[in-house]
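Student: Could you help me learn how to read a protein structure? I would like to go through it feature by feature.

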Amino acid sequence: MNNVIVEIYTNLINSLPFEPLKVILGTLIPVLGIVTLPLLTTFLLIWWERRLIAFVQARLGPNRLGPGGLFQSFADALKVLLKEDIVSKDADKILFSLAPVLVFVPGILVYSLMPVGHQMVVTNVNVAIFLFLSVASLTTIGILMAGWSSNNKYSLMGGIRAVAQAISYEIPLLLSIVGVILLTGSLSIVDIVEKQDVWNIFKQPLAFFIFFTCALSEVNRIPFDLPEAESELVSGYNTEYSGFKFALFFLAEYVNTFTLGALCSLLFFGGWRFPFDYLLGDIGMQLSNQLGIIWFFIKTMFFFSVVVWIRGTLPRVRTDQLMSFAWKYLLPLSLFNIFITAIITGFLSGAFSR
Amino acid sequence: MSEVIREISPVRQYFKNLFDGVKAIYNGMRLTLKYMFLPKVTEVYPDVKRNLPQRFRGRFAFLYNKDDGKMLCIGCYACVKVCPPQTIVMETIKGEDKKIKTTRYEINIGECISCANCVEVCPVGALEMTHEYETATFNQMDLVYGMDKLAKYVEKPNMYMPPDGKAKK
């Protein structure tokens, strides 16, 4: 059962007259998709976050430009790009210019590993989830680089905080995913989604909450936004940035948050699959396979909305609270989760029986 | 009476902390979710305008009689004298019929402090504070309102009515 969209696309590429043209277009179109689609979704996400946070605070948010204020983010982007690109005098010029790129590129890169629908994945790597998380954690190097090269106390403090936070939260993040991997028996995201007849959230609820908390910390969202704490560090590592470089930081934050939502839906909520599609038989499979991108987008937007909802509710944690929470609570809980999952899957697969 | 200090074991404290944290987050999230669906307090100003009170002091107006189109002003200069920022400019001539006629009446609404002293002091009720308040302009000179821009045609003079309903003398 093939995805109609993928089939049309493949036929289109194969019907091209020249062999080199097939190779070039077959490479360029997915690359263009990976680069442009996250940027376009970011505009939607910024608007949606501002609207939702306004609703939480009993305001209306941007609602003047376009339908429901949808084009507000385009206007803001234009304004940011028109700003002067300031590089402070004592900054490390090369690192200062390199840092925003290093923050932004990993965020975009992981989209090539993300299956957005049935057969709709750019590269189906068999260690995708491992690669995904290792590439995503590269962002921290860019943040430290930005903090260091700005030659500003607050920026450096933000960069150091980002590293400390990443080291603490990477471990429970990975350990919580181990539970899912044990259930699936594969590191490929496509396999993980295809084996979720029953969504993983019903099998691994604890792992989901640990994963969500750690992922929030990974993308530096409130309540774990210590590296860019506005009230303490005057927005931390990006204090000295302006214009296009600041825009890159800003885009990276939203791209990463979207990735968070996407990972939540892929690992725990059945990715592109319609809820309980295996009960609906053939219709369910068709719904999942043909319209998968819609379900995936809805689920991801739901988790993005939850992130915004948390932003509207919880205050920022202190550094010592952040550390003790990671090492004293999340790490033991995720180890406990692996332990229980391993025993149960062992019994179910008959590893303990003679 | 000595106070009894109950020691909680570290293990119980650990799970109590965990439970308390989850409970606090749950309560907070529930409250913000409720607020998400409550009516919003924002006034969408240019689309929806607030109902103004009856004695709102907006832009100033110079009244004419609606029936015969004659101005109500008798040229007594009371408003000019009472105006605190001295922004009212008035010129009068004595007409053929020995009656004083106002030929020039100008007010800079940028200088006007909307105190309504002029309206109160006018013996014939020829002035009024309208409910119009969107008077911003691109040019400073547009703020000087002459007789043509201040004109407003009314049926009866704007006499001050105290709360007991009797007109001023």
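Predicted model: local features only at pLDDT ≥ 70, side-chain atom pairs only at ≥ 80, totals over all residues.

## Reading the backbone, the helices and the interface

Student: What kind of peptide bond leads from I222(A) to P223(A), cis or trans?

Tutor: The general idea comes first: most peptide bonds are trans, and most residues other than glycine have a negative phi. Here the bond from I222(A) to P223(A) is cis, with omega near 10°.

Student: How do I read a pair of packed helices?

Tutor: Two packed helices are described by the angle between their axes and by the distance between those axes. Take helix 4 (residues 93–109) and helix 6 (residues 139–149) of chain A: their axes are 8 Å apart, at an angle of about 160°. Therefore helix 4 of chain A is roughly antiparallel to helix 6 of chain A. The crossing of helix 4 and helix 6 of chain A is left-handed.

Student: Which residues make that contact?

Tutor: On helix 4 of chain A they include L95(A), F96(A) and L98(A), and on helix 6 of chain A they include I143(A), M145(A) and W148(A). By class, the contact of helix 4 with helix 6 of chain A has eleven nonpolar, three polar and no charged residues.

Student: At what angle do helix 1 and helix 2 of chain A cross?

Tutor: Helix 1 (residues 4–14) and helix 2 (residues 19–56) of chain A cross at roughly 145°, and their axes come within 9 Å.

Student: How much area do chain B and chain A bury between them?

Tutor: About 1500 Å², with 72% of it on carbon and sulfur atoms. Y14(B), M29(B) and M36(B) supply 36% of the area that chain B buries against chain A, more than any other three residues. In terms of contacts, 15 residues of chain B touch 16 residues of chain A.

Student: How many salt bridges lie across this interface of chain B and chain A?

Tutor: The rule finds one. D47(B) forms a salt bridge with R64(A), and the closest N and O atoms are 3.0 Å apart.

Note on methods: Residues numbered from 1 in each chain as written. Chains lettered and ligands numbered in written order. Heavy atoms only, no water. Axes fitted to C-alpha atoms, helices over the stretch in contact; angles between N-to-C directions. Helix = DSSP H or I, 4+ residues; strand = E, 2+ residues; numbered from the N terminus. Parallel < 35°, antiparallel > 145°, perpendicular 65-115°, else oblique. Left-handed = near helix turned anticlockwise from the far one by under 90°. Contact = heavy atoms within 4.5 Å. Nonpolar A, V, L, I, M, F, W, Y, C, P; charged D, E, K, R; others polar. Buried area = accessible area lost by both parts, 1.4 Å probe. Salt bridge = Lys/Arg side-chain N within 4 Å of Asp/Glu carboxyl O.
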